[in-house]
Amino acid sequence: MGRAMGLAGLLVGLFLVSAVLVSTSLRHGAPRAEPGPEPAEWGDASVAGPEDSLWPLPQWVRTSRRQLQLAPDRFQLLHGAGSSAGPGCGLLQDAFRRYYEYIFGQSRWRKRSSGPPGGRAVPELLQLQVVIESQHSGCHSYPHLGSSEAYHLTVTEPVAVLKADEVWGALRGLETFSQLVHEDDYGSFLVNESEIDDFPRFAHRGILLDSSRHYLPVKSILTNLDAMAFNKFNVLHWHIVDDQSFPYQSIYFPELSDKGAYSYNHIYTPSDVRLVIEYARLRGIRVIPEFDTPGHTQSWGKGQKDLLTPCYNEEQPTGSFGPVNPILNTTYDFMTKFFKEISSVFPDAYIHLGGDEVNFSCWKSNPDVKEFMKKQGFGTDYAKLESYYIQKILDIVSSYNKGYMVWQEVFDNKAQLKPDTVVQVWMENNYAHELSSVTGAGFTAILAAPWYLDYISYGQDWKKYHSVEPLNFPGSEKQKKLLIGGEACLWGEFVDATNLTPRLWPRASAVGERLWSSSNVTDLEDAYKRLTNHRCRMLRRGISAEPVFVGYCAHEARG
């Protein structure tokens with residue numbers, strides 16, 4: 001009985017999915033202002049189903065039943081006429097090589113059959129021409145918050161055209177094109193004639209990786225940058241140091257990692273950092289480093305004498321240390337030189353300065369700190385001391401023409417923030433109220449609270465991540481515009497290179513779609529079907545993404 005009911009439910013579900021797909025033209029977000037070209041036989045996509053593997057779902061998709069064939073030995077990815085980026089654009093040249101591999105993979109070496117017996121000839125797609133329309137293509141620069149990731153893709157015989165203002169949009173369009181191409185049972189590569197208009201809903205779509213609790217080998221970071229590109233994320237928030245270890249090898253202060261890293265092998269050298277930044281740039285991903293102070297700094301103290309506050313018990317030093325010592329001039333001398341280095345090493349316009357979870361007990365125990373509090377007129381409000389410290393750090397970083405991101409406590413404790421400060425909201429308890437307060441004060445915000453992926457549970461938790469509506473907080477339209485995006489955070493207490501990738505993917509994919517796609521992309525049944533296909537595609541591309549649920553991937557049987 002249970003099995004019969006299950007089968008009936010499955011059939012009803014399949015009918016509902018097909019019914020949704022029949023109305024394919026404008027169901028994916030904002031309608032376009034003017035119609036595009038009319039390839040032959042436009043119709044619903046429920047027959048061929050090319051949209052079944054698009055992730056994240058584009059803003060506007062139209063697909064045809066008409067299929068085109070791609071021959072690996074003839075198909076070309078190349079620069080189109082009139083493009084401001086030509087063969088000298090190393091970023092696109094690298095992307096063309098990469099996406100050729102993603103589309104054809106090892107299959108190009110296999111002998112392909114001629115197709116099903118009696119099958120009709122399929123017209124051929126010979127090229128994808130990429131046209132960058134802005135004179136400032138971005139080829140030799142770094143992505144930033146204001147970069148354009150919009151693109152327009154038209155797939156028709158014999159040449160497909162991908163247009164974008166900047167190379168960052170072209171990268172996103174190449175990913176979408178690669179997702180449209182599929183291999184049939186006879187080894188032929190096919191793509192449906194299609195037209196796609198696409199752009200991200202939010203400008204900041206990040207992944208936080210923690211390389212302090214467990215050291216993450218550079219290779220595993222690079223692998224996850226690839227996965228981020230497959231999911232159209234554009235920010236790596238690199239929580240590079242913390243209490244437990246200091247793996248960043250400083251040029252000015254090498255003793256920080258000499259004494260603060262787990263070992264001499266567990267470090268990121270300057271060349272490692274350059275590699276991560278360039279690998280990310282080639283995929284349209286910003287790298288924002290986080291150097292969290294005054295708390296979360298135990299590892300800093302091992303290589304920098306007198307940086308941390310000595311803790312006391314009944315007027316006697318205990319030998320233990322608390323947060324950064326905010327009352328010494330030497331602290332700010334060190335921070336001035338250290339952040340000068342960080343500002344030059346990391347090209348992004350922003351540095352994350354942390355500021356969360358500061359434990360005041362050590363400060364309260366220290367007689368020198370108490371005396372300083374009295375002189376400053378802070379009374380016993382240690383949040384004022386924290387704000388005093390943070391303010392000085394913000395001024396230091398601002399002097400290097402860098403913007404800064406902070407965790408929400410810095411705002412909550414009423415530090416004087418520059419207008420362009422980005423406040424990251426992470427406390428899940430009533431985060432909508434916090435977003436309302438932050439944006440109500442005129443500050444830009446990033447949401448992380450509902451997307452802490454280090455919390456794991458049995459079952460399909462991707463659904464709750466997908467179902468979050470970031471703008472569901474009290475506030476005006478002006479306030480809503482101040483929420484520039486969000487981040488999926490994977491803290492590292494129980495995560496190292498062995499489980500980083502499968503724990504992150506495809507769960508983070510749900511966050512990626514929520515931050516990229518239109519707000520009306522909420523059908524979990526449709527998302528499930530696309531996500532399972534997308535997960536299989538990530539596996540084919542070398543990303544060890546865990547299963548969404550029961551099932552299989554077709555490529556597994558091909559060996």
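Tutor: Start at glutamate 149 and arginine 205, whose side chains meet in a salt bridge with N to O at 2.8 Å. Glutamate 149 lies in the loop between β3 and β4, while arginine 205 is in strand β8 (residues 204-210), so the pair ties together parts that are 56 residues apart in sequence. Both glutamate 149 and arginine 205 are buried.

Before going on, some ground rules. This is a predicted model, in which local features need pLDDT of at least 70 and side-chain atom pairs count only at pLDDT 80 or more, while totals for chains, interfaces and linings use all residues. Residues are numbered from 1 along each chain as its sequence is written, and side-chain values use heavy atoms, with hydrogens and water left out.

A salt bridge is a side-chain nitrogen of Lys or Arg within 4 Å of a carboxyl oxygen of Asp or Glu. Buried means under 20% relative accessible area, exposed means over 50%, and partly exposed is in between (1.4 Å probe, protein chains only). Helices (H or I, at least four residues) and strands (E, at least two) are DSSP runs, numbered from the N terminus.

By the salt-bridge rule the count comes to 23. Another of them joins the side chains of aspartate 461 and arginine 507, at 2.9 Å from N to O. Here aspartate 461 sits in the loop between β16 (444-447) and α14 (462-466) and arginine 507 in helix α17 (residues 507-516), so this pair ties together parts 46 residues apart in sequence. Aspartate 461 counts as buried at 8% relative accessibility, and arginine 507 does too at 5%.

Arginine 530 and aspartate 526 give you a local case: their closest N and O atoms are 3.0 Å apart. The two are 4 residues apart in helix α18, which means about one helical turn separates arginine 530 from aspartate 526. Both arginine 530 and aspartate 526 are buried. There's also a network of salt bridges, linking Asp210, Arg213, Asp242 and Glu493.

On to the cysteines. A disulfide is a pair of cysteine sulfur atoms within 2.5 Å, and by this rule the count comes to 3. One joins cysteine 89 to cysteine 139, S to S 2.0 Å. The link of cysteine 89 and cysteine 139 is left-handed, with -105 degrees about the S-S bond. It links distant parts of the chain: cysteine 89 is in the loop between β2 and α2 (90-104) and cysteine 139 in the loop between β3 (127-132) and β4 (151-155), 50 residues apart. Cysteine 89 is buried at 2% relative accessibility, as is cysteine 139 with a relative accessible area of 5%.

Cysteine 311 and cysteine 362 make another disulfide, with their sulfur atoms 2.1 Å apart. The torsion about the S-S bond of cysteine 311 and cysteine 362 is about -115 degrees, so this disulfide is left-handed. Cysteine 311 lies in strand β11 (residues 308-313) and cysteine 362 in helix α9 (residues 361-365), so the pair ties together parts 51 residues apart in sequence. Cysteine 311 and cysteine 362 are both buried.

Then there's the disulfide of cysteine 536 and cysteine 553, with sulfur atoms 2.0 Å apart. Its S-S torsion is about -80 degrees, so it is left-handed. Cysteine 536 is in helix α18 (residues 524-540) and cysteine 553 in the segment after α18, 17 residues apart. If you number the bonded cysteines in sequence order, the pairing reads 1-2, 3-4, 5-6.

Last, the rings. Rings of Phe, Tyr and Trp (its six-membered ring) pair if their centres lie within 6.5 Å, and planes under 30 degrees apart count as stacked, over 60 as edge-to-face and the rest as tilted. The structure holds 30 aromatic pairs. In one of them, phenylalanine 75 and phenylalanine 177 have ring centres 6.0 Å apart and planes at 10 degrees, so the pair is stacked. Phenylalanine 75 is in the loop between β1 (60-70) and β2 (76-79) and phenylalanine 177 in helix α3 (residues 167-180), 102 residues apart. Both phenylalanine 75 and phenylalanine 177 are buried. By contrast, the rings of phenylalanine 338 and phenylalanine 339 have centres 5.4 Å apart and planes at 80 degrees, so that pair is edge-to-face. Phe338 and Phe339 belong to one aromatic cluster with Phe246, Tyr248, Phe253, Phe291, Trp300, Phe334 and Phe346.
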